[in-house]
Structures are given as structure tokens and as C-alpha cells.
Amino acid sequence: MKLILLGFFFWIQAIIFFIRNLTIFLKKPSLIHVEFWLFVYYFFNFSRAKHLTEMKQSCDKKGWLFNEETSNFTYGETPYFTLKKILNSISPKTNEKFLDLGSGKGRCVFFTACYFGMESLGVDMIPSFNNLSSKVSNRVSLSLVTFLESDFESIDFSNYTIIYICGTCFGKETWDIIHSKLETVNPGTRVISVTYSLQSSNLRMISSSLGRFEWGVDNVYTYQCGQFQKS
Ligand SMILES: C[S@@+](CC[C@H](N)C(=O)[O-])C[C@H]1O[C@@H](n2cnc3c(N)ncnc32)[C@H](O)[C@@H]1O
């Protein structure tokens, strides 16, 4: 009964999100192609069991016990309409470079490339996400999009001007690494963090707001990197 209710809720939410995304699809029809191929590739090649196996393999790579640290790989998405609202508030330019730390199926990366024309990189440790989303990107000939199967710990943050961190389920160890890497970003870089505010001496908060995500309404914090005088 609980499963039926969850399934029902999932489909109702998917329909509501689709309706809220309609104006975006009308403005950027390339995103409809992306959605079509995402559906085709993931429906036929991905399953909950495969995801669990790859989560376990990723935990092994990190040297984590599966049951303790699985939460880092818990999956949930940012809908297009939420990302549009967040990004509009920081006015991205087409010559900017977007980085999604833990890109999952890559919707944020597809969105920033198609809607804002930004060169966009998605990094995720789950192999299927990168394989399947790269296939989608090739299908729709999106040259601005790259997916990398990697731990974002090994990425040079300083190459990007907008960094998106949807780290609701990241553990303390992961957040500590993100914080130390954020010390290396260049002045002017904007950083967006979902759920948690950031503590970094070179980041100044631009805004704090609420956004709708797959798991409900959550906090969104935006920051800009600069040189600030200590008071
Ligand atoms: C909540 S999902 C966010 C998906 C996407 N960014 C969005 O907002 O729609 C978080 C993703 O981070 C990935 N992840 C967690 N730790 C990671 C790490 N150390 N390196 C790369 N990816 C990681 C997980 O596999 C998961 O797909």
C-alpha cells in the first residue's frame, strides 16, 4: 500500500513538474529532445538494482562502508524551473563555465548548456550516469556538454565560473573536502549550494531563498568569490 502511494505521488509530481517546465520546453525545444533520449536510455538500461550496485562500488572506491556512507550517493534532482530561477538571479553569461558536483543523470548540465549556452561539465562517480548521459548528449549533438566519471575531489574548481552543489545528502567528510577546494576558486566565481550554507573566507553570500526540488522545498544559497577585508 505504501509503495502504491509512493508511486502515485511520484507520477503526480512528475506531471506537475512537466507542466511547470512547459514554458522552458517551448523556449528551448532542444530540451524536449534531451528529455526524450533520457527517457529512452534510462528506461531500457538503468534500474534501481544497477544503481545500488554502482553505489556500492563507489563506496568501495572511497574506502567507505556501504551502509554507513551510502547517503552521499542518494539520488534526487533539481527541476529545470528551479534551476532557471536560481541561475536567473545570478545572470549567467554564455562565455561562463558551469560545473555540477555530482551531476546524476545530468539534467542541470543539459539545462545550462541548452538554456544559457554555457560550456558545462557534470561529474559523478556512478558510471551509468556518465555513460548514458554522454550517449544522450551525442544523440542531440550538444558540444557544450561533458560528463566525467570521477570523484569531484579530483576536479580543479578554479577552471569554472559557476559551481552548483546539490549536496543535501553529502556527509561531513565530503563537505570538508568541498570547503577546502572552494578556497581555490577565482574572484568572481559564483557558487550555489542547496540545503547547506557554506563557510569559506573568500565567499560572500549574495542571496538565500527557497526552491522546489524532488524531495520538497529546500534552501538555496548563492555566493560570489572575491577579496574581502576581514573586520
Ligand atoms: C542529489 S544528486 C544531485 C543531482 C544533480 N546535481 C541535480 O541537482 O539534479 C547527488 C549526486 O552526487 C553524486 N556524488 C556523491 N558524491 C560524489 C563524489 N564524491 N564525486 C562525484 N559524484 C558524487 C551522487 O552519485 C549523486 O548522483
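In helix α7, the buried residues are Phe129, Asn130, Leu132, Ser133, Val136 and Ser137. Buried here means that 20 or more other C-beta atoms lie within 10 Å of the residue's own; exposed means 12 or fewer, partly exposed is in between, and C-beta atoms are placed from the backbone. Helices (H or I, at least four residues) and strands (E, at least two) are DSSP runs, numbered from the N terminus.

Two points on the source. This is a predicted model, in which local features need pLDDT of at least 70 and side-chain atom pairs count only at pLDDT 80 or more, while totals for chains, interfaces and linings use all residues. Residues are numbered from 1 along each chain as its sequence is written.

Back to α7. The helix has 13 residues and reaches 18 Å from its first C-alpha to its last, close to the 18 Å expected at 1.5 Å a residue. That expected span is 1.5 Å times one less than the number of residues. What do the buried residues of α7 pack against? They pack against α2 (30–45), β2 and β3. Contact means that the C-beta atoms of two residues, placed from the backbone, lie within 7 Å.

Just after α7 comes Ser141, with a positive phi of about 50 degrees, although Ser141 is not a glycine. Ser141 is in the loop between α7 and β3. Is Ser141 buried or exposed? Ser141 counts as exposed, because it has 9 C-beta neighbours inside 10 Å.

Thr195 is another residue other than glycine with a positive phi, in this case near 80 degrees. Thr195 sits in the loop between β5 (190–194) and β6 (203–213). Thr195 has 16 C-beta neighbours inside 10 Å and therefore counts as partly exposed.

Next, the strands. Strand β2 (residues 119–124) and strand β3 (residues 145–149) pair in the parallel sense over five bridges. Two strands pair if DSSP finds at least two bridges between them. Ser120 has Val145 as its bridge partner in β3. Strand β1 (residues 97–101) also pairs with β2 in the parallel sense, over five bridges, and here Ser120 in β2 is the bridge partner of Phe98. Five of the six residues of β2 are buried, so the strand is largely enclosed by the rest of the structure.

β1, α6 and β2 make a right-handed β-α-β unit. β2, helix α7 (residues 127–139) and β3 make a right-handed β-α-β unit as well. Right-handed means that, with the strands pointing away from the viewer, the path from the first strand over the helix to the second runs clockwise.

Val109 is in helix α6. Why does Val109 count as buried? Because it has 29 C-beta neighbours inside 10 Å. Leaving aside neighbours within four places in sequence, Val109 is in contact with Asp100, Ser103, Ser120, Gly122 and Val145. Val109 and Arg204, on the other hand, are 95 residues apart in sequence and 24 Å apart in space, C-alpha to C-alpha.

Two residues in other helices. Tyr42 is in helix α2 and has 16 C-beta neighbours inside 10 Å, so Tyr42 counts as partly exposed. Not counting residues up to four places away in sequence, Tyr42 touches Lys105 and Leu132. Tyr42 and Lys105 are 63 residues apart along the chain, and their C-alpha atoms are separated by 8.8 Å.

Lys50 is in helix α3 (residues 48–62). Lys50 counts as partly exposed because it has 13 C-beta neighbours inside 10 Å. Lys50 and Ser128 are 78 residues apart in sequence and 8.4 Å apart in space, C-alpha to C-alpha.

Last, the ligand. Which of the 22 residues around the ligand come nearest? They are Glu77, Thr78, Gly102, Gly104 and Cys166. The elements that give two or more residues to this shell are α6 (107–116) and β2. A residue is near a molecule or strand if its C-beta atom, placed from the backbone, lies within 6 Å of it. By class, the shell has eight nonpolar, eight polar and six charged residues. Ala, Val, Leu, Ile, Met, Phe, Trp, Tyr, Cys and Pro count as nonpolar, Asp, Glu, Lys and Arg as charged, and the others, Gly among them, as polar.
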